[in-house]
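Subject: Structure handover

Hello,

The structure you asked about is below. My notes on it follow.

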Amino acid sequence: MKYHFKVRKEGSGYWAGGIELKGCLTEADTKSDLQKNLEEVLNLYLDEPGSSKVIFPLPKKSVKGENIITVECDEKIAFALLLRQWRLKQRLTQRKAAEKLGYKNLYAYQKLENSKTANPTLATLSK
């Protein structure tokens with residue numbers, strides 16, 4: 001999952017703000033430091049706890065304009081985010097989502113909504 005950021009030069013440094021994620025901002029002295037900061041801030045911004053009810057906008061396929069860069073989200077954070085958003089859009093509790101996916105153990109499902117413990121197998125992804 002790749003989000004887009006608009007980069008601006010200000011004084012001797014740079015700052016960037018998320019196009020899809022309006023409150024996701026960072027700054028740095030160099031472009032290479034800005035890129036590192038963007039990866040960190042994007043992952044921190046999207047890494048919500050499983051109890052969160054926030055539904056973030058998904059990234060656009062492409063964004064036109066000057067000084068636009070894309071930043072890839074960590075795959076575990078992306079998976080946990082997409083699973084949680086699916087559950088919230090379906091208006092399911094974690095228990096109901098676990099049942100719908102064939103999990104007998106709620107904890108096994110909850111691990112998938114947590115980016116620190118999400119490690120889905122191919123069988124899980126096919127569900």
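The lining of the largest pocket consists of four nonpolar, two polar and three charged residues. Here Ala, Val, Leu, Ile, Met, Phe, Trp, Tyr, Cys and Pro count as nonpolar, Asp, Glu, Lys and Arg as charged, and the others, Gly among them, as polar. The lining residues are Val7, Arg8, Lys9, Tyr14, Lys31, Leu34, Gln35, Asn67 and Ile69. The pocket volume is about 160 Å³. A pocket is an open set of points on a 1 Å grid over the protein atoms alone, where a 1.4 Å probe fits, with protein on both sides within 12 Å along at least five of seven lines; lining residues have an atom within 4 Å of a point. The volume is the space filled by probe spheres set on the points, which are joined across faces, edges and corners.

This is a predicted model, in which local features need pLDDT of at least 70 and side-chain atom pairs count only at pLDDT 80 or more, while totals for chains, interfaces and linings use all residues. Residues are numbered from 1 along each chain as its sequence is written, and side-chain values use heavy atoms, without hydrogens and water.

The chain has five helices and four strands, in the order β-β-β-α-β-α-α-α-α from the N terminus. These are DSSP runs (helices H or I, at least four residues; strands E, at least two), numbered from the N terminus. Of the 127 residues, 36% count as buried, meaning under 20% relative accessible area with a 1.4 Å probe, protein chains only.

Beyond its neighbours within four places in sequence, Leu46 is in contact (heavy atoms within 4.5 Å) with Tyr3, Leu21, Phe56, Cys73, Ile77, Leu81 and Arg84.

The buried residues of α2, among them Ile77, Leu81 and Leu83, pack against β1, α1, α3 (94-100) and α4 (106-112).

Regards

Definitions and conventions. Buried means under 20% relative accessible area, exposed over 50%, partly exposed in between (1.4 Å probe, protein chains only).
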